[in-house]
Amino acid sequence: MIYKNVLGMAGNTPMIQIFSKDLMNINLFGKLEFYNPTGSVKDRAASYILKKVVSTNEINKDTLIIESSSGNFGIALAAVCKKENLNFTCVIDPCINPINELLIRQLGASIVKVDVPDENGGFLLNRIIEVKKFLAKNPNSYWVNQYSNKYNSDAYYYLLGEEICNSVENIDYIFMGVSSGGTITGVSRKVKERFPNAKVIAVDIYGSVIFGGKPYKRYIPGIGSSMVPTILNDASIDDIVVVDEYSTVNACYELLNENMIFAGGSSGSVYYAIKKYFNGKNFKNKPNVISLFADRGDRYANTIFNECWCKEFMINSSKLSLSSIY
């Protein structure tokens, strides 16, 4: 098949079987979302949302598109907006990966960087305040608002959820990391429709407030949040596993070394959560377990896969053992 544009290749990502000597009691499959054109699951939502608001006349060619993003969604939106000749402003903060910021700028987006921490010690809440200021100053503007936009979860319901359900004969468990909440909301709805007995397991990180945790500084982007996404009100979640960043880093290296999967932080979190959840459990018949790997490891070349960063992280967390990684 010949595509007219690389963004038309979004979706139809591979599902593979994953091996782990610690998980011989389950059949584990990974949906590799980093095969999307800009490298993450966010391509699906960016394309779907913008096509939707154009078709419903919620925006026009002069509308200013704005979103708060820590990286992947900003990149995906910048790419789609460039293709569709839409004006896009991305509100970021100093924690953004320099590679992500470079990509957003190169794709033609305007950038507003919030550098004042919010009450939780992060920047998300102040990024949202900046977005609302932008909306007040620009009447013809559209806030994508991944935290509450129904189109966000619809993208994953109709696209990713459908693909996952068509990939296997049965789903017993599905594990997904949670940040803005759209992915797990849409996918959980679709999975529950097709496989009512399937258990949807949300994976969060310590320091995130999504499921009632206490906020504190987190070092790895892409999972967790300092606010509770309202979009999760429509999610169907059976259980929650919270992991620490130390285990996330180690799990990322394990995925690479044992399965040649070069995946990002949320993927490591999901992989470790599965190991934690099924440790010591025995089944008469091995259950089918789906894991979602949201983005690729090169986005973390300056963090998880950087020895200097890991050493600094070890000092800050007082947990990381470099001998278990290198």
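In the predicted model, Ile-171 touches Ile-164, Cys-165, Val-191, Phe-195, Ala-198, Asn-288 and Ile-290, residues up to four places away in sequence being left out; contact denotes heavy atoms within 4.5 Å. Residues are numbered from 1 along each chain as its sequence is written, and side-chain values use heavy atoms, without hydrogens and water. Because the model is predicted, local features need pLDDT of at least 70 and side-chain atom pairs count only at pLDDT 80 or more, whereas totals for chains, interfaces and linings use all residues.

Ile-171 is also among the residues with the most contacts inside the largest nonpolar core, which has 52 residues. A nonpolar core is a set of buried Ala, Val, Leu, Ile, Met, Phe, Trp, Tyr and Cys residues joined through side-chain atoms within 4.5 Å, buried meaning under 20% relative accessible area (1.4 Å probe, protein chains only). Helix H2 (72-83) is one of the elements that supply at least two residues of this core, and H2 gives the most, with eight residues. Helices (H or I, at least four residues) and strands (E, at least two) are DSSP runs, numbered from the N terminus. A second, separate core of 26 residues includes Val-241, Val-243, Leu-255 and Tyr-271.

Four strands form an open, parallel sheet in the order S5-S4-S3-S6; strands pair if DSSP finds at least two bridges between them. The edge strands, S5 (110-113) and S6 (141-143), each pair on one side only. Strand S3 (residues 64-68) pairs with S6 over three bridges, and Leu-64 has Ser-141 as its bridge partner in S6.

How values were computed
Buried means under 20% relative accessible area, exposed over 50%, partly exposed in between (1.4 Å probe, protein chains only).
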